[in-house]
Amino acid sequence: MRLLPRNRLRTRATAVLIAAALAVLATTIGQAAGLFDTPPTPEQMEHDARARGIEGTLHVITPVPDHSLAPERHGPYLFVPLGWHGDLEPFGPVGTPGAGGEASNDTGAVESSAIWRNARVPVGLHLDHAWSESLSRDARSEFVDRDGHPVVSTTVRLPQIRPIRVDVWTDGGTRLFEYTEIDGHPAVTWRTPADAKGEIGVRLFHEQSGIEYAVQLSDTRTLTLPDAIEILRSMLDAKN
Amino acid sequence: MRRISRRITAVVAAVVSLALLAGFLPVTRAYASTAQHDIMIGLAVANAYVSQGWHSPGQSIDLQNAGGSTAGVSVYSQTKWISGDAMVAYKASYISDCTGIKAEYKTGGGATLGRTAYVHINVSGSIPSSWNMAASGWTVEYLGSVINPEPNAPGQGGNDNCAWTGPHEHQSEEVATGSVNSGLSAGNSYATGSTWLVHLSD
């Protein structure tokens, strides 16, 4: 082990102490200013559950606060930390076409809508169902594997307000959401932590048409982010 | 002596058979060895009023406090162990036009059994990325509180894709393997300490 001079050791120790103090201060200020919500204590949760008639063994999860994030604007997207109660820049409506339209669970009707985009998905997957909250504004679909398990879901929609809000969080300080550009268009990629075997997704805003495309993978054992981007590109190429 | 013993055995067997047929004796329920958990109502009130039954998109239900105001009421991921192994719940990514969070429920081996979206809630910033659904009793994880007003609703300058006319918890279910409780209907109240919405089974 290489020995450092005493003054350099002292400088490093001071830097570490200052960083730790700043982190504690930021968390304290965040809580004190009410920028984040205050979750109930485990005791409160248990009392609450018993009062509601829940009997027997009760496992109460203790939340782990992470107040290290602040809102960030990236192109049309506004990253908002989950639980953020502080100020945000104003959201405003945009004059996007496609007002009205009925909700539908009819896959055929959704596929026939003007906003539907065909997605090319990997071999072995097939369209299970499509639905829409408003046939003129959004089309959503889910693709499943041979066993019927959901693997890919897609969304095409006309966002009605700007900026486009993206709720973000970290995994112990590791960023899970990233702003990027795909083929010159603003986009956001996200993932859940590796140990969670969770989801991967990408969303892209096509500024010329005002349409946002999104692809989400719920089975990440065989598909990865590049697969999600390829599926999203196939939707972009389908009609635009 | 041997004949008496045989008679006693025959009588005991007959009594036991009759008791079983009549349901007097407990019969061990034949659960599969696989994991089974129920997803319960998330709204933290004693009784939840179903203001809209299962509706589109997917399988969704709207819940309010049957005994008072709904705004600000806590919302939990509440799951109840039925049999078998523990499961794992994950804070999942969520694409939505409204305010809310989605939880994903998996086996210990990583197979997805279902997802639940908890919508129109002020999402807590302190939800862990995953938590264990214990192989006994209830597991309760705080997700947030019912928001009022919903900032993404059309009347609040939001978008038409976020239907909202007052404080409620919209809970929607995607089930890969399991079943949805179809016995719930709009206009009725249900005890949250015993009413399940989804039965997960691997």
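Start with the open sheet in chain B: eight strands, lined up in the order 9-5-6-7-11-3-2-13, with antiparallel pairing. Keep in mind that you're looking at a predicted model. In general, strands of a sheet pair through backbone hydrogen bonds, in either a parallel or an antiparallel way. Now color strand 9 (130-133) and strand 13 (189-191) of chain B; these are the edge strands, and each pairs on one side only. Turn the view slowly and follow the twist, which averages 30° from one strand to the next.

Select residues 47-55 of chain B, which make up strand 2; three bridges join strand 2 to strand 13 of chain B, and the two run antiparallel. Which residue stands opposite B:Ala48? Click across to strand 13 of chain B and you'll land on B:Tyr190.

Next, pick B:Asn181, in the loop between strand 12 (178-180) and strand 13 of chain B. Is B:Asn181 buried or exposed? Its relative accessible area is 14%, so B:Asn181 counts as buried, the cut-off being under 20%. Show its surroundings too: leaving out residues up to four places away in sequence, B:Asn181 touches B:Trp54, B:Thr195, B:Trp196 and B:Leu197.

Last stop: the nonpolar cores. The largest has 54 residues, and those with the most contacts inside it are A:Phe177, B:Leu43, B:Ile101, B:Tyr105 and B:Tyr118. Strand 10 (residues 138-146) of chain B gives this core its largest share, five residues. Then select A:Leu158, A:Ala187, A:Ile231 and A:Leu236, which are among the 28 residues of a second, separate core.

Notes
Residues are numbered from 1 along each chain as its sequence is written. Chains are lettered from A and ligands numbered from 1 in the order in which they are written. This is a predicted model: local features need pLDDT of at least 70, side-chain atom pairs count only at pLDDT 80 or more; totals for chains, interfaces and linings use all residues. Side-chain values use heavy atoms; hydrogens and water are left out. Two strands pair if DSSP finds at least two bridges between them. Helices (H or I, at least four residues) and strands (E, at least two) are DSSP runs, numbered from the N terminus. Axes are lines fitted to C-alpha atoms, for helices over the stretch in contact, and angles run from 0 to 180 degrees between N-to-C directions. A nonpolar core is a set of buried Ala, Val, Leu, Ile, Met, Phe, Trp, Tyr and Cys residues joined through side-chain atoms within 4.5 Å. Buried means under 20% relative accessible area, exposed over 50%, partly exposed in between (1.4 Å probe, protein chains only). Contact means heavy atoms within 4.5 Å.
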